[in-house]
Amino acid sequence: MIYAQSPLAIGLFSCFVLFVVGLSFYLGRRTTSASGYYAAGGNIHWFTNGIAFAGDYLSAASFLGICGMIATAGYDGWMYAVGYLAGWMVALFLVAEPMKRLGKFTFTDALDSKFNSKSIQLMAAISTLVVSVFYLIPQMVGAGTLVTPLLGLPHAAGVVIVGVVVTIIVATAGMASTTYVQFMKGGLLLIFSTILVIAVLNRGLSTTPDQGGTKPYHDFVTLQATVADDGSLQLSDPSFVATADWKTSTFGEASFVKLSKDGVDSIWKMTEVATGLELEETLYKAELAGGAVVYNGGTAEDGKFFAVGHMKEIIVNGETVTQTGALGPFAFLQTVQNSNIVLWGSKIIKDGESSYTVYYQKPTLGSKILRPGMKFKVDNATASEKFNFISLMLALFCGTAALPHILIRYYTVPSQAAARKSTIVAIAAIGFFYLLTLFMGIGAMTNGVINIMDNNMSAPLLALSFGVVLFAIISSIAFATVLGTVAGLIVAASGAVAHDLMDNFLGMNMTDKGKVMAGKLAACVVGGIAIYLGIVFEGMNVSFLVGWAFALAASANLPAILMLLFWDKTTARGVASSIGVGLVSAMGLILISPDMYIRYGLLPTDAPISFNSPALISIPLSFLTLVIVSLLTQKDVNRGHATEAA
């Protein structure tokens, strides 16, 4: 899939990046204390902090990943949004005010406020670093995805640009610049996503989406075929020719056939019908034995790998139509539910030393798309599939209130009441945005804009279908989304290194100036790690990757937070053990999961476990560890609170 770069898009993007960097240097001159660097001095207004919360939370996973998953999997993609939003209820009712009351700069401060425990300082800092790095991966992947169409640069270049810019942001002004970048991009994301949804509704639905008349949609051809007495394949279009072994080849065994026309190969999906065979045109990417990569028989520059996403049949008031015209939000969803939409499946076919990834049409009823079951099976699901779904939802629900870069934002406001108010503003802003993602995702699904090799670009490419100006703005905002979230993560990680490990755990007793300098150096190191991981995980859906970070946070951090707040028998050793067990068990299960086996180049069926989300095992295990260890170390408790320096 190739994209035409626009000077306007490049100009807007460049102006935005320069503005952000300039703001960081301006605020950096005013940031000299540790409080200013790690918590913006605790003077951020609650409304500004609430929108910054939303700007921090609405990451690449929310804007790119969720829209992409909805565009290819329907309602199941939106289940991530439901889980993300539900987690804020835990943050609002259980965590917001206590975290503000107990903490100073970091998540570790709150956990260690009653104990002064070396073991808590060490384990909580390690947990912050691991969770932050796992959350950084999808943000960096999203950055690389955006830069390819926006600037015409490869994925790795996009990752490096984000890493460098964000490191500058954090290393200059810390949380102050991070807060205002997040506030700005949170507000802009809400405004222009609303504009994009209004444009989608005004365009309506069509069986031949032509992007407002500016770009004809590719007509995917269907051929009729019969098998001759000699076994050859007779096609309704004689300009296509099949090989003699079409039926016994690896393609034939997979119900596909390779045809040739004018020296160019194409792959077709075979379906038996009453009159013989029906062949449907597909899209494919081939990695040939010699190392060449072919897209639908040509190079990437030939433009033969088309954008997809269209309605096969539109039903309005019981009648079949080819287009609807403008629709309201409810009429839009109702029409989609009553109609038939073409989704796409994929299959990997090995042919000797060559490997083909074939994408084929899957006409699907809208009523199925707008209910669970496309990605996460609900009907006739196996025990493993049910377990994986419940475990994922548990991770999303419990993970929000345990993400270190979210928790530290409570220290940027002056009071507990301000912490509560900012959480309410965040919930309202995030909830509204997630409603918008449903329309953006379905809009991409039906407007012929999806790059099925990378669905992360669905929302920006939907914006491109309405003109390069909206695309440039949306892409720049999406890039800002990545910048804001990555900045928050690096602030959290640098705080864990400089404040928690160096100053508290190692007892270095650094001055304010020393803490700030250590935080800046740590930010540079974490930024380098993030760049490397963003390149390694290229191509994976960013929302899926965030699910792993949520599982780690929920397993390692949430049991410790809740038990510290609501169980007087909690001890320092119980907290430290709980963090360690939650972190190790969650990460261990992720590393041996089917999806990681794919990253290793192995078959997912060879994985020791059959599920990808560890939360349903690791969270209870972490809670159980805390209870058992705390009960065994009650000698360290005095009047209901531990005083031991573990």
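Rings of Phe, Tyr and Trp (its six-membered ring) are taken to pair if their centres lie within 6.5 Å; the planes count as stacked under 30 degrees apart, as edge-to-face over 60, and as tilted otherwise. The model is predicted: local features require pLDDT of at least 70 and side-chain atom pairs pLDDT 80 or more, while totals for chains, interfaces and linings use all residues. Residues are numbered from 1 along each chain as its sequence is written, and side-chain values use heavy atoms, with hydrogens and water left out.

Across the whole structure, 14 aromatic pairs are found. In one of them, F387 and F611 are tilted, with 4.8 Å from centre to centre and 55 degrees between the planes. Because F387 belongs to helix α13 (residues 383–399) and F611 to the loop between α22 (594–599) and α23 (615–632), this pair ties together parts 224 residues apart in sequence. Helices here are DSSP runs (H or I, at least four residues), numbered from the N terminus. F611 is buried at a relative accessible area of 10%, whereas F387, at 22%, is partly exposed. Buried means under 20% relative accessible area, exposed over 50%, and partly exposed in between (1.4 Å probe, protein chains only).

Y217, F220 and W344 make up one aromatic cluster. W344 is also among the residues in contact (heavy atoms within 4.5 Å) with I452, together with L283, F305, V308 and Y359, neighbours within four places in sequence being set aside. I452 lies in the loop between α15 (416–446) and α16 (458–464) and is buried, with a relative accessible area of 16%. Its C-alpha atom is separated by 7.4 Å from that of A307, 145 residues apart along the chain.

Methods: Helices (H or I, at least four residues) and strands (E, at least two) are DSSP runs, numbered from the N terminus.
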